Structure formats: C-alpha cells, structure tokens
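Please look over the sequence and the model before reading on.

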Amino acid sequence: MLRYISIVCCLIASEMFAQDTLKYAVKDTANEFEYLTVSELQDRITNILNDSNFLTANWGVVIRSLKTGEYLYQKDEDKLFTPASNLKLFTTAAGLSLLGSGYRYITNIYAEGEINYSVLEGNLIVQGTGDPTISGRFFDGNIYKVFDDWADSLLQLGINKIKGNIIGDDDLFDETGLGEGWSWDYETYWYAAQSGAISFNDNCIDIKIYYDKKLDSVIVKYSPVVKGIVVINDLVPVSPGAGSTDINVYRERGTNIITISGTFSEGSDTLKTYATVLNPTLFAMMVFKDRLEKKGIKVLGYAIDIDDYDKNIDYSKAQYLFSHYSPYLFEIVKVINKGSQNFFAEQLLKTIGLEKKGFGSAENGILACKEWFTQIGLNPDHILMADGSGLSHLNRVTPKQIVLLLRYMYASKNFGAFFSSLPIAGIDGTLSRRMKNTRAENSVRAKTGYLGFVRSLSGYAFTADGEPVAFSLIVNNFNVPVKLAENIQDSICVLLSNFKRKHLE
C-alpha cells in the first residue's frame with residue numbers, strides 16, 4: 001500500500017516542506033553589516049559547510065559576482081549532482097529564450113461534419129498543443145471556466161446539438177505521460193501527474209475530506225465527478241484522544257480507481273488533497289462533454305480519446321470554429337518556479353520539443369535545450385536531463401553550469417520574466433517560510449529543490465553593497481532532517497546579504 005499523508009507529503013512534493021522546529025531557524029544576529037575580504041568570506045562559508053551533520057554528504061557550491069565576474073566561492077563546482085527541482089531553472093530559461101516570454105498555447109476547436117442550423121452533424125474536435133493552464137489556477141479557482149467559455153462560444157455560433165462525439169486530439173505530444181526514471185510509487189500523487197497535449201485541472205481530481213458529526217462518518221467528496229473515476233472511501237473516524245489523522249491515497253495502477261484509507265480524527269479540520277488520473281485526454285473530454293450538457297448543448301455521442309477513434313482526422317476538410325489562448329509564458333513560468341509545479345515543467349519541455357523539433361516529446365525537448373545550452377556557452381555534457389521538472393533521480397548537473405546559466409539569464413532580454421518567476425525569500429513560493437526576519441528576506445530570489453537525500457537552492461542574492469551574485473548550493477546524500485540542510489543554505493544566503501567588501505589599504 002502506498003503511503004500518503006496528505007498534508008506532509010503535499011508539502012514535501014511542492015518543496016514547501018517545513019518542520020516546526022524553531023531550534024533550526026536561521027536568525028540574523030548581525031547588528032551591522034559585516035565587512036569582510038573575499039578570503040574571510042570564503043573562510044566563513046567553509047565553516048558553515050563543515051557542519052558535522054553532513055560528514056557523509058556531498059556539497060557543491062558556486063558563488064559568483066555578477067558585477068565583477070569573480071568567483072567568490074567554489075566547492076566541487078565541476079562534479080555532477082542530483083539537482084532535484086533546480087533543473088526547472090534550465091527548463092524555464094530555455095522555454096523563455098526559445099519560445100519567448102509572450103508565447104501562448106493555442107487550442108483549436110473544429111467541427112468534423114456539416115452544421116445544419118443549430119445541429120452539428122458530426123464530431124466536435126479539440127486539438128491540443130500542450131496547454132497546462134486549463135484549470136482554475138488562472139480563473140479564481142473555477143476549474144470549469146475554460147470549458148464553459150467554449151460552450152458559450154458554441155452557443156454563440158448557434159450550435160446547441162452535437163450528433164457525434166467529443167474527440168480529444170492529443171497527437172502533437174507523445175503518449176509517454178511519466179518522466180524517465182520516475183519512481184513507480186509516485187503515480188498517484190499530483191506532483192507526478194501525467195503530461196499530454198490535452199490536460200485539465202493539472203490532470204488530477206480534487207479531494208475534500210471532513211468529519212460529519214451527525215452521521216458519525218468521514219465524508220469524502222471529489223471533483224470533477226465524471227464517469228470512469230471511482231473513489232472508494234475506506235476511512236475510519238477516530239476520537240481526538242484515540243488517534244490522529246493518517247490518510248493514504250492510492251490509485252490502482254492502470255485504472256482510475258482511487259482508494260482513500262486510514263484514519264481521520266473527528267477533531268481535524270477539512271483536508272484537501274489530490275490524486276492523478278489515467279488518460280488525461282479522455283478525462284478532459286468527459287468533463288468538457290458534461291459542461292456542454294450543463295450549458296444546454298445536447299451531445300448524442302461520447303467523449304473519446306483520438307486513439308480510440310477509427311478514422312484519421314483531415315483538418316483540411318474540418319471546419320475551424322474558434323481557438324483558446326493560454327496565459328503568456330512569463331505567467332506560466334511563475335507557476336513552475338514559485339510553486340515548483342512539475343506538471344507545468346513537463347508540459348513546457350515537450351512544448352519546446354514540439355515547437356523546435358516538430359513533435360512534443362521529452363527527448364525532442366531535451367535535444368532542443370542542449371543545442372541552446374551549447375549556443376550560450378554551457379557544457380551540455382555537464383547537464384544530464386531526463387525530464388523537465390527534476391523529479392527523476394537520473395538528472396545530473398554541476399553547480400558551475402547552474403551559475404553559468406544564471407549569469408547568462410542575468411544579461412538576457414528575458415531576465416525580467418525569469419527573475420520574477422523565482423521564489424522570494426520570506427515572501428512567497430517555496431521560500432515563503434525561509435530566511436524571515438533576516439536581511440535576506442525579500443532580497444534573495446532562488447529556486448528550491450527537494451528529493452530524497454537531495455536539497456538544492458540556486459538563484460540570485462544582493463550583498464550589502466548592492467552587488468548582485470549568482471549562487472548554487474546543492475547537497476546530496478545527507479541522512480539528517482532536511483531542515484538542517486536548509487539551515488546551511490539559508491545561513492550562507494544571510495551571510496551574502498550582510499556582506500560588504502573590506503578593502504585593504
């Protein structure tokens with residue numbers, strides 16, 4: 001049985017994991033800025049890294065001034081490390097550079113068949129190009145907004161009856177929904193949602209769990225409710241003194257049968273969690289069909305994935321109806337980096353493959369990214385990409401290549417969009433709880449990364465002199481609480497934020 005404790009695991013997966021242990025909190029104890037030579041700064045960083053808790057671990061560190069170009073600190077800078085979600089820096093930088101910050105996904109809607117008065121005498125076709133934003137994320141939580149808008153567009157065209165099927169054409173992307181090297185036991189969880197050319201609600205269902213005192217039962221509700229999704233409630237209520245909430249969510253492999261088991265304390269607040277779905281295209285079309293019918297458009301056929309359609313669609317003969325445009329890419333990369341959203345990152349990698357190599361696959365996306373890395377002076381042999389999100393343990397990157405990427409982006413026309421996408425220390429995203437009440441708060445902008453035995457932090461900091469620096473702090477193979485690794489990273493960031501250059505006379 002796969003174990004899923006909804007609150008804790010969600011925070012881990014989204015890299016908002018934070019243990020409530022004040023003894024590990026980083027405090028800014030400096031009353032004044034610290035005047036140090038570069039050599040003294042290096043000694044201070046070395047002392048921080050020589051924490052006895054990390055004797056078995058490997059630290060890779062690079063800190064470089066973006067003003068002078070000098071390296072302020074380097075440790076194992078050319079060794080390969082598992083970067084976790086720091087890999088998203090490469091995916092989003094490549095996406096912004098190769099596609100442009102103003103790039104938008106276009107989903108086209110076609111009619112296959114004649115339209116006689118108000119009746120479509122055939123199929124309605126949704127041709128997907130990988131848009132990850134068809135959800136409530138950009139629409140105040142209304143997950144149905146886009147599909148309802150599409151229904152309204154059909155009504156405006158005078159169509160209120162469809163005699164054929166609702167077909168989702170996802171053939172511009174491959175059918176490999178999971179990333180190379182992903183652990184098989186990730187499949188249930190939202191952070192491993194399957195990628196594809198058509199998606200809806202991050203390819204997950206939303207699950208709400210609460211205790212009903214009158215019924216003396218734990219209630220499980222989920223949305224969207226569509227045929228083919230089966231949610232089994234196997235939760236047991238326990239009194240607050242007799243046990244605690246311990247929730248397990250498991251989607252049976254190869255099915256959309258989702259079992260929620262474990263215990264739920266009667267004193268617990270309402271919990272919200274998620275589960276991935278199998279065949280996101282069919283899932284999306286089923287929801288779309290339901291929304292059409294709720295809007296008064298009668299559909300006589302079925303919701304189907306194009307893989308189950310027995311004919312090839314000839315778009316030259318199909319009738320174009322309308323298009324849906326996604327938010328701009330500079331808004332999408334904020335979702336990827338601030339919240340460390342894996343599904344969006346995988347969609348972007350395949351989109352790069354589609355736009356630059358003609359077909360949306362991770363392999364094509366990685367190939368296009370590596371060609372770009374070479375063009376901007378990075379060593380592609382020191383950047384081993386298996387996916388776009390960093391969820392795979394097969395990814396390897398050197399700290400120096402990360403800093404070289406950050407330096408390139410700092411001077412590029414897309415720096416504003418890239419910089420704005422990064423979490424702000426003590427303010428938002430996956431850094432919202434870190435470095436608070438220090439000089440690093442609201443100053444450091446960096447991407448976090450978390451996997452088992454991996455914690456990474458790479459981005460930009462400003463010294464007390466206002467000198468911009470790019471840094472990468474990666475630790476692999478530690479076996480102590482992750483907060484201890486964060487403490488070291490945060491301490492270095494605070495040191496940099498307090499640092500003023502001491503000039504020797």
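This is a predicted model: local features need pLDDT of at least 70, side-chain atom pairs count only at pLDDT 80 or more; totals for chains, interfaces and linings use all residues.

Student: How many residues of helix 7 are buried?

Tutor: Helix 7 covers residues 342–357 and reaches 22 Å from its first C-alpha to its last, close to the 22 Å expected at 1.5 Å a residue. This helix is mostly covered, and of its 16 residues the number buried is 13.

Student: Is Asn342 buried or exposed?

Tutor: Asn342 lies in helix 7, and, leaving aside its neighbours within four places in sequence, it is in contact with Ser85, Lys88, Tyr191, Ser389 and Leu391. Buried means under 20% relative accessible area. Because the relative accessible area of Asn342 is 4%, this residue is buried.

Student: Which residue follows helix 7, with a positive phi?

Tutor: At the start of the helix, a side-chain oxygen of Gln341 reaches to within 2.9 Å of the backbone nitrogen of Phe343. Beyond the other end, the residue that follows helix 7 has a positive phi, near 90°, and is Gly358.

Student: Which strands stand at the edges of the open sheet?

Tutor: Three strands form this open sheet in the order 12-14-13, and the pairing is mixed. Each edge strand has a single partner strand, so one side of each is left without a neighbour in the sheet, and these are strand 12 (230–238) and strand 13 (246–251).

Student: Which residue in strand 14 stands opposite Leu235?

Tutor: Strand 12 and strand 14 (residues 257–265) run parallel and are joined by nine bridges. Opposite Leu235, the residue in strand 14 is Gly262.

Key: Residues are numbered from 1 along each chain as its sequence is written. Side-chain values use heavy atoms; hydrogens and water are left out. Helices (H or I, at least four residues) and strands (E, at least two) are DSSP runs, numbered from the N terminus. The expected span of a helix is 1.5 Å times one less than its number of residues. Buried means under 20% relative accessible area, exposed over 50%, partly exposed in between (1.4 Å probe, protein chains only). A polar contact is a pair of N or O atoms within 3.5 Å; within protein, one must be able to donate a hydrogen and the other to accept it, and residues adjacent in sequence count only if both atoms are side-chain atoms. Contact means heavy atoms within 4.5 Å. Two strands pair if DSSP finds at least two bridges between them.
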